[in-house]
Amino acid sequence: MKRILNLFALLVLCSSKALFAAEADTLRVLCIGNSFTFFFDSEKRLEEIAASEGHGLKAQALTVGGYTLHRHLIDDKTMSPLISNRYDLAFLQDQSQTPALYGEDPVRCHLVGDDARELAERIRIYSPAVKIWVEQTWSYEHGNYGGFGSFERFDQLLKTGARLMAECAQASVSPIGDAYAIVRAERPDINLYYPDNKHQSELGTYLKSCVNYLLIYGQPFSPKATSCGYDAEKCAYLRKVAERVVLGSKQ
């Protein structure tokens, strides 16, 4: 009986060690944003893609529709988790037009950069080793291309604004908008947009998640990479586009 109890205790100890090791190997990812993050649960798609590639990743999304980074800064529902949790990685996604307005007039819209800096600083207080990306989101047709007149001008301003925000936050840029632009040009049969011609479709969410996955792990997708239940051929193409944008044009 004593031998059985000792064996049971040993099994429990080994299981506990394995559990702790698995938890230690799991990356903790913070996603702060709005509907451009929560449409079709982009953080869950990121987890699925990582799991299919053999990686442990746990993502937490702090999102409210229409929120800017400034509104997150003054909302305890966003700020409180930063104190109680520790993160390895963070993605910051501002309101869809805000980075473009900042890119168009950095002086007049300087508070956008200040908000990115302050939010990054607050995350680092409790997660000092965190790596942060500012998401360069996508242009869209709705509202006369967000009020900027064309896909091309909207894209360029979003790119400039995201870069400036990342510099303020001492962070990097997630070039999601670049991937969207490639798909619009090359594969008009793939609709990245929700029917409102603004928010992302399921495939748009998948593309965003692929870009962020590659930024985290820095390696091309394997044949095991999941399509998250979406069209396999289209998702294979979207993964290749994400590789071209993040890893280089030869991918």
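## Briefing: pocket, salt bridges and backbone features

The largest pocket has a lining formed by Y140, E141, F151, V183, R184, R187, P188, I190, N191, L192, Y193 and N197. The model is predicted. The space in this pocket amounts to about 160 Å³, and its lining comprises seven nonpolar, two polar and three charged residues. R187, one of the lining residues, also takes part in a salt-bridge network with D189 and E233.

- R187 pairs with D189 in a salt bridge whose closest N and O atoms are 2.8 Å apart.
- R187 is buried, at a relative accessible area of 16%, whereas D189 is partly exposed, at 43%.
- The network of salt bridges links R187 and D189 with E233.

**Other salt bridges**

- The count of salt bridges in the model comes to 15.
- E135 and K208 form a salt bridge, with 2.9 Å between the closest N and O atoms.
- E135 belongs to strand β4 (residues 131-135) and K208 to helix α11 (residues 202-217), so this pair ties together parts that are 73 residues apart in sequence.
- Both E135 and K208 are buried.
- R122 and E118 meet through their side chains in a salt bridge of 2.5 Å, N to O.
- These two residues, R122 and E118, are four residues apart in helix α7 and therefore separated by about one helical turn.
- R122 is partly exposed, with a relative accessible area of 30%, and E118 is partly exposed, with 31%.

**Surface patch**

- A nonpolar surface patch is made up of I83, I125 and Y126, which together have about 290 Å² of accessible area.
- Y126 is located in helix α7 (residues 110-126) and is partly exposed, at 32% relative accessible area.

**Positive phi angles**

- Most residues other than glycine have a negative phi.
- D41, which is not a glycine, has a positive phi of about 55°.
- D41 is placed in the loop between α2 (35-38) and α3 (42-52), where the residue is partly exposed, with a relative accessible area of 36%.
- Y145, also not a glycine, has a positive phi of about 55°.
- Y145 lies within helix α8 (residues 142-146) and is partly exposed, with a relative accessible area of 23%.

**A contact between separated residues**

- R239 is part of helix α12 (residues 232-247) and counts as buried, at 11% relative accessibility.
- The C-alpha atoms of R239 and L207 are 7.1 Å apart in space, while the two residues are 32 residues apart in sequence.

Key: Residues are numbered from 1 along each chain as its sequence is written. This is a predicted model: local features need pLDDT of at least 70, side-chain atom pairs count only at pLDDT 80 or more; totals for chains, interfaces and linings use all residues. Side-chain values use heavy atoms; hydrogens and water are left out. On a 1 Å grid over the protein atoms alone, a cavity is a set of points where a 1.4 Å probe fits but cannot get out, and a pocket is an open set with protein on both sides within 12 Å along at least five of seven lines; lining residues have an atom within 4 Å of a point. Grid points are joined across faces, edges and corners, and a volume is the space filled by probe spheres set on the points. Ala, Val, Leu, Ile, Met, Phe, Trp, Tyr, Cys and Pro count as nonpolar, Asp, Glu, Lys and Arg as charged, and the others, Gly among them, as polar. Patches are made of residues with over 30% relative accessible area and no salt bridge: like charges are joined within 9 Å, nonpolar side chains (Val, Leu, Ile, Met, Phe, Trp, Tyr) within 5 Å. Accessible areas come from the Shrake-Rupley method with a 1.4 Å probe; for residues, only the protein chains shown count as cover. A salt bridge is a side-chain nitrogen of Lys or Arg within 4 Å of a carboxyl oxygen of Asp or Glu. Buried means under 20% relative accessible area, exposed over 50%, partly exposed in between (1.4 Å probe, protein chains only).
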